[in-house]
Amino acid sequence: MENKTPILKLKDITKRFGDIIANEKVCLDVYEGEILALLGENGSGKTTLMNMISGIYFPDEGEIMVKGQPVSIAKPEDAFNLGIGMIHQHFKLVDVLTATENIILGLKEKGGLDLKKAAERIKEICDTYGFEIDPNQKIYNMSVSQKQTVEIVKVLYRGADILILDEPTAVLTPQEAEKLFNVLRNMKKDGKSVIIITHKLNEVMEISDRVTILRKGHYICDMETKSASVQALTDAMVGHAVELNIDRPEPVDPKPRIQVDHLTVRSQDGVLKLKDVSFTANSGEILGIAGIAGNGQKELLEAIAGLQPAESGDIYFIEEDGSREELLGMDPLKIAGMGVSLSFVPEDRLGMGLVGNMNLAENMMLRSFRKGRGVFTDRKAPYDLAEHVVEELEVNTPSVFTPVRKLSGGNVQKVLVGREIASAPTVLLTAYAVRGLDINSSYMIYDLINKQKKRGVAVVYVGEDLDVLLELCDRILVLCDGQVSGILDGKTAQKNEVGLMMTKVGGGEAE
Amino acid sequence: MTNTAKTPLVHITRRKNIAWYRAWIVRIIAVILALILCGIITTFVVHINPIEVYKTMISGNFGTARKVWFMGQDLATLLIISLALAPAFRMRFWNLGGDGQALMGCFGASAVMILCSGSMPNWLLLIVMFAAAIFCGMLWAFVPAFFKARWNTNETLFTLMMNYLATQLIAFFVVVWENPKGSSKIGIINQRTQLGWLPDIGGNKYILIIIVAVVLAVAMFIYMRYSKHGYEIAVVGESEPTARYVGIKVRKVIIRTMLLSGAICGLAGFMMVASTNHTLTTTLVGGRGFTGVMVAWLAKFNPFFMIITSFILVFLGRGASEISTMFGFNDSFGSILTGIILFFIIGCEFFLNYELHFRKSAKKEVA
Amino acid sequence: MFDIVAFIPRAVIQGIPLLYGCVGETITEKSGNLNLGTPGIMYVGGICGVIGSFVYEQKAGDHMIGFLAIAIPILCCLIGSLLMGLIYCFLTVTLRANQNVTGLAMTTFGVGIGNFFGGSLIKLSGADVPSIALSKTHAYISATLPFAKNLGWFGKIFLSYGFLAYAAIAMAIIAAITLKKTRVGLNLRAVGESPATADAAGINVIRYKYVATCLGAMIAGLGGLYYVMDFASGVWSNDAFGDRGWLAIALVIFTIWRPNIAIFASILFGGLCILHMFIPSGTNLAVKELYKGIPYLVTIIVLIFTSLRNKRENQPPASLGLSYFREDR
C-alpha cells in the first residue's frame, strides 16, 4: 500500500476558531478501497477536519490533495465534484420533503425534474448495496436509521468515491449498526473509500483497515488495525493510560421512591409516546433507561418532572415513611420542591435547562430566582453557587459572568449537572449526561452520579452508550416504541439482549 | 501554497467578544456615515450645501425654546411607547401594535372626557380617564397575547391588524362625537372648561410628560434588570423549553408582559389626550408604535440606551420636517432619512458580531 | 339588492395589488426571508412607475408611443423594487441583520419615498401641472379587449381588466408550478426549510435567497404600479395605497404559502375591502367606518384559524426569519 498514491491526502491542515485551535498541522492519508477509522475523543477536532474536506469550513493553512492533485474545497459543491461525500452526525435532510426529493436536492442534472426516474436510480443503488428505503416517504415519518440510509444513498447517488461518516452508529441499535457495517463492506468491495469518525474502539476494531488518531486537534499516529490493540488505541487517544472501568457500588438500602403505574402519554399532535409504562425507581440505585433515541425517554422523564401531561396512569412519589403522593397533574415547581430534579441534555445542549445568552450565575438563578419574598431577585446566592460549581467540577470558563453559550459542550454539561445536584435532590433524572463529552469529563460525571447514588438518591439515567449503561446501572429498563420492553439486572444483562429489546418489545428474534 | 489563488477573498468568522468601547466606535461611525449620506441626499434633492442642511436640522430641533420643548415632548412620547414595547420584545413577542394600543389609550381617555365631564369632580375625572386609558390599552394588547399564548398565533400580523381595527374604531367615534357638527373631527376637548386637562407645571405643558418618561425609563430599567418578572421575561424570550423546565408558566408570562406593554401604551395615550394634545384623531399616535420597535431594538432593550436611540430618530424626524417646511416639501422626507439611518445602524451590528479576514497575499504567508 | 355583477369586477381590481404582494412575499418567504418591508416596496414600485411615466408624459407631450408608455413605468417600477430587494438582502443575508427590524425600517423608508416623491414630484421637476394625473398612461395600461364590452356580464366579470391583472394571475400560476414541479422550486423550498441542508447539498444558499427575495420584491412592486396606474386611474395621492402591503403579507399565511390559492384569496379579500360600499348603511357615515374594519377583522380570524391547524405541510418554511451562517456550530 505504501507505494500507491493516496486517493485523499491532507497535509499540515490548521483551523482556528477565534483563539481556539481546532486542528493544528494535521496529516491524513486515505487509499482506494479501504475503511479508515478516524479516532479521537470528543473535541479532538475530528469533525472539524472532515468538515474541511466536505467544504463546510475552509482551512486556515495546509493542503488537500485528491488523487495526487492539489485542490481547493471552498464549498460543499466542490467536494461533490471531487467525489467526496459526507454523512453528518446531525442529518442534513429537509423534513417535509420525500426521500427522493432530498436525494436529488441541489443536483445540476440536465432536464426537468423527473422524480420517477430518480426513484428508479435510487432503487438501483439500494439493490447494489443492500439498503431498504421507500423513495416516496417523507423524512419526518422516518426512523433514525432510515434517515441515515437516505443520507448514505444521497452521497452515493452523487457518485461519491470517498464517503465520510461522522459517528454513524451513535444513533443505531447494535443490530442496525451491524447492518450498516455490512453495507460499508460492500462499498469497500466496490472500490470506494470510507472514513468513519468514531470514539468507539470496538467499532474501530471491527470495521476498519487502518486507524488515524487525533488528540486535542493534533495528529498523533496512524496504524494498521490488525496490529493495534484496544489498550494501545485508548492510550494514544487519551494521551495517558486510562482505567476503563466504571464503578458500580452496591446499592445501600434501596427503597421504592418513584412508582410509575400504567402511564400513557400522547404528544400534542396526538402521537402515542408512552404506552402503559410501569416501573419503580429505588433510592440509592441507578435505574438505566435504554432505547433508541425518540422512543419515549424524553416524555417519560418530563412526565415525572411534571412537564408532560399524561393521558392515563399514575406516578407516585414515595416518602421515607412509605406515604405516597400523586405527581401527575402537580405543578412542576412543586415537584421540584419535593426534590425531584431533572437534568436533560438535549441534542442542541442548550435547548432545555440552560439559557445560552445568560452567564453562569444567571443560569444558576433559574432554579432559585423565586426565593425570597420581594419582587426583586437575589443575585448573591446564585453567584456563590456558580463559583462553587466552577471550582468543584473544574469548569473551564473565563469567569462566572461568561455566557454559557461560549463554553464548550463538556463545560456546559458540567454547569447543568452541577446545578441540579446542588439542589440536593432525592430523585435525579438525567438524560444523555455524557453526550459529547471526552473520556475524562464522562468519568467525572459518572462519579458524580455514583456519589448521588451513595447519598441515597434515586437516579434515573437515560443513556445512549449500551456499554456504559451495562457498567453503571443497577437495573436497566428498555424502552421500545414507548413501551417497556423489559427490565434487566445491570450485572447480568447482555448487550445483545438489550439491543434486541430496543428494536422489538420483549426482545426475541429480530427480522 | 498552491491553492492560495483559489482561497476565498474574504473569510468571515463569528467574533468571540468585542470590547464595549470598540462596539460604540463602530456604532458612532455608522451614525456619522448615515448622517453624511443623509446630507448628500438632501443636498441633491433641495440644492443647498450640506452644512446648511445640518444647520437647518439643528435649528429645527434647538432653534427656539419652544422648539426644544416641542422636541422634548415628542421624544418623551416616543420613549414611553418604546419603553412599553421593550419587555414584550425582550420576550421575543413582536408587538407591532404599539400604535393601536396607544391609540386605544387616547380613545379611553377622551371618551371619558367627552361623556363624563361635569358629572364628577375634576380629580376624579382624571383618575377615571387614566383608568379607562390603561384599560383600553391593555385590552388591545390582551387579545393578541391570549391567542399567542394559547395557540401560538402569529403575533406580528395580529398586533398590526389590531392597529387598523383601532383606527377604524376611532374613525367611527370621531364621526359620532364630531364637534362642531359636520366638521367630521373632534376639536380640542373642553377647550373652555379645561376639564380633564392635566395641570401645566411651571406654565409649561410639556414638562409633565417628560418627567413621566424619565421616571418610567428608570422604573423599566429596574424592572427588567432586577425583578423576578424581568428575569422570567428574559428566560421565556431566550428559551421557552428552559422556561417551562424550571416551572415558569410561559402563557402567564406572555399575557402578563403584554398587559404591561398595553398598559404603558395606554398611559402614553392618556398623556397625549390629558396633557399635550387634548383631542382625538386617528393619526394622533403617528406611527410611533412602529418607530418604537426600532428604538427598542436598536437599544438592545436597555431603557437608557433607548433615550439615545429615540433622540436620534426624533432629531432626524424633526430636522427633516424643518427642511421640508423651509423648502416646501412634504413631511415624508423625514421617513426617508430615518430609513437610511436605520439601515446603517442595523447593518453595523454585523461588524460587532463578525470578523472579516481578507486573503493574505502569498508573500506574507511565506514570511 | 346586492349587485354581484358590479361587485365581482371591483373585488378583482381591489384584489390584484394584494395578489402581486402575496405572490412576491410567498416567493421571498420560501427562501426563508420574512420581508416585512413589502408594504414599503409596493410604495416604491408604485412611485417609481409614476416618476417614469410622469417624466415620459412631460417629455413626449402628445406624441406618446403606446409601447413606451407601458414599458417605461413597468421598467422603472421593477428597477425601484429591485433596489429595495437588494437593500433588504444586503442587510439580512450578507450582513445577517434581524429580518423583522430590517423589514420595518424598509417599510418606513419605502412609504417615505412614495409619499415624498408623490408630494414633491411636481415641485422637483418644475412642471406646471396642478397634480399628478397620468391619465394617458392609465389609458394604455388599463386598455381592455375591444369586444369585452359587448359580452354582457361575462365580459364584465372576466374580461374587463387591464393586462396587468391577467399578468398577476399568470404569475401566480407560474410561481405555483415552479415551486412544485421544478428543480429550482425544489431547491428554493429546501433553502427556506433548512439552509444548512441545502448548502451541504451544493445549493448556493446566498444566491437563492438574493434571487428569490429580489424577484419577490419586483413582483410586489408591480402590485404598487397596478394600484396607481390601473386602479387609481394614474392619480397618485399620498397614503392612498394604505395598508394593502400588510394585508398581502397576512394573505401569505392564509394561503399556506401557495400562490395558486392566493388568486382566490386575494379576490376574496379585495371583496372584503369594498364591502362597505355595498352594504346599505343609509346616511350613517360612522357605521361605514366600522365596515372598513372588516378586512382586518377577517385577517385576525384567519390568523387564529391558521394557527389552530397544525398539519406538517402547512407550516411556514422552517427557517423563516432566521439568518444563515455556514460556520455556525
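What pattern does chain C follow when it is read along the sequence? Chain C follows α-α-α-α-α-α-α-α-α-α-α-α-α-α, and its secondary structure comes to 14 helices and 0 strands, where helices (H or I, at least four residues) and strands (E, at least two) are DSSP runs numbered from the N terminus. This is a predicted model, in which local features need pLDDT of at least 70 and side-chain atom pairs count only at pLDDT 80 or more, while totals for chains, interfaces and linings use all residues. Residues are numbered from 1 along each chain as its sequence is written, and chains are lettered from A and ligands numbered from 1 in the order in which they are written.

The C-alpha trace of chain C spans about 60 × 50 × 40 Å along its principal axes. Of the 329 residues in chain C, 54% are buried, a residue being buried if 20 or more other C-beta atoms lie within 10 Å of its own, exposed if 12 or fewer, and partly exposed in between, with C-beta atoms placed from the backbone.

Chain C also touches chain B, and this contact takes 39 residues from chain B and 42 residues from chain C; two residues are in contact if their C-beta atoms, placed from the backbone, lie within 7 Å. On the side of chain B that touches chain C, the elements that give two or more residues are β1 (10-14), α5 (122-151), α6 (155-176), α11 (288-298) and α13 (333-353) of chain B, and the largest share, 12 residues, comes from α6(B).

Chain A, by contrast, has 16 helices and 20 strands, and buried residues make up 49% of its 511 residues. Its C-alpha trace spans about 75 × 50 × 45 Å along the principal axes.

One helix of chain A, α14 (residues 439-454), can be followed in detail. With 16 residues at 1.5 Å a residue, α14 of chain A should span 22 Å, and its end C-alpha atoms are 22 Å apart, which agrees; the expected span is 1.5 Å times one less than the number of residues. The buried residues of α14(A) are S441(A), S442(A), Y446(A), L448(A), I449(A), Q452(A) and K453(A). They cover an arc of only 155 degrees around the axis, and therefore lie on the same side of α14(A), the arc being that of the directions from the helix axis to the C-beta atoms. On the other side of α14(A), D447(A) and K451(A) are exposed. Just after α14(A), G456(A) takes a positive phi of about 95 degrees.
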